[in-house]
Amino acid sequence: MLSLPQEGPCRDQRLRLTLPADMAQVRHAMVLLHRFWIRAGMDVASTEKAGLVLAEVLNNVVEHACSDDPAALVWLDISRCAGVLDIVVTDSGRPIPDARLPDATMPGIPREIENLPEGGFGWPLIWRLARSVTYQRVGGWNRLHLELQCFPGAGTKPDVQGNAAIF
Amino acid sequence: MELDCELVGRTALIRCRGARLDAGMAVQFKERFREMIGRGADRIILDLCEVQFLDSSGLGAIVAVYKALDPGQKFDIAGLTPPVERVFRLTRMDSVFSIFENAAQAMGNDGGSTAMGSAG
């Protein structure tokens, strides 16, 4: 049984989305989410930050947790309340080993060109940009809970409930 | 991910066409870039002015093509949009490359010095 986040006091901007754990689908969803967040009144910098964090998380889900399961699914449950964007990512993939999230340390920059890192930036970026990140293995599901600080865009109405209809 | 290449003398100006250089495009970007560099150039300027989204995989692809260049080839980057500039800064990759405000400025400058020292 999929465990959804508990109801909080403020769920007026809530979006739930299910997508295949597939890079092309993730890409498409991220483009739509960017538009949704802007239309829902989030400022550009917060939207770009959230888009980067969520893209890094979903890339990991596709490339690691779900890489051997073409039928794997990812559920997103996103809500915004009082300056906090709350994102729960649930997937049916393999658990994170020892339930320990990867390190927050950004790869070092060596002097030698041939030793420059080509990867290892994803999790440090997530840690750097999110206010909190927690992971749980719930039944057979991975559940990652992210909180990001976000700000309203200039000139947007505080209540844009209903924009979720674009999905 | 389409790349345009303009050869000006011995300088190749490569422009990313498309708003996202992300995990879904990283492999394609590397392949296309290598095809273009096969034409030969002393200096490569990567113009990212159309790119509005760069993730860690896209950044890794840029680092990978840089590392794959011949030792004599200089590599510079131009046209970082704010979200792309943020990724370079957070990962400290802005200290690795010479970064120009736009392609015209890069073309009008021989590249200056990079934090990594001369590629040649």
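Two residues are taken to be in contact if their C-beta atoms, placed from the backbone, lie within 7 Å. By this criterion Leu58(A) touches Val26(A) and Val74(A), not counting residues up to four places away in sequence. The model is predicted: local features need pLDDT of at least 70, side-chain atom pairs count only at pLDDT 80 or more, and totals for chains, interfaces and linings use all residues. Residues are numbered from 1 along each chain as its sequence is written, with chains lettered from A and ligands numbered from 1 in the order in which they are written.

Leu58(A) also belongs to the largest nonpolar core, which has 71 residues. Such a core is a set of buried Ala, Val, Leu, Ile, Met, Phe, Trp, Tyr and Cys residues joined through C-beta atoms within 7 Å; buried means that 20 or more other C-beta atoms lie within 10 Å of the residue's own. Helix α2 of chain A (residues 44-65) supplies the largest share of this core, 10 residues. Helices (H or I, at least four residues) and strands (E, at least two) are DSSP runs, numbered from the N terminus.

Chain A also holds an open, antiparallel sheet of five strands, ordered β1-β2-β3-β5-β4. Strands pair if DSSP finds at least two bridges between them. β1 (14-20) and β4 (132-138) of chain A stand at the edges with a single partner strand each, so one side of each is left without a neighbour in the sheet. Eight bridges join β3 (84-91) to β5 (141-149) of chain A. Val88(A) has His145(A) as its bridge partner in β5(A).

Between the chains, 19 residues of chain B are in contact with 21 residues of chain A. α2(B) gives the most to the chain B side, with seven residues.

Terms used
Buried ≥ 20, exposed ≤ 12 C-beta atoms within 10 Å, placed from the backbone.
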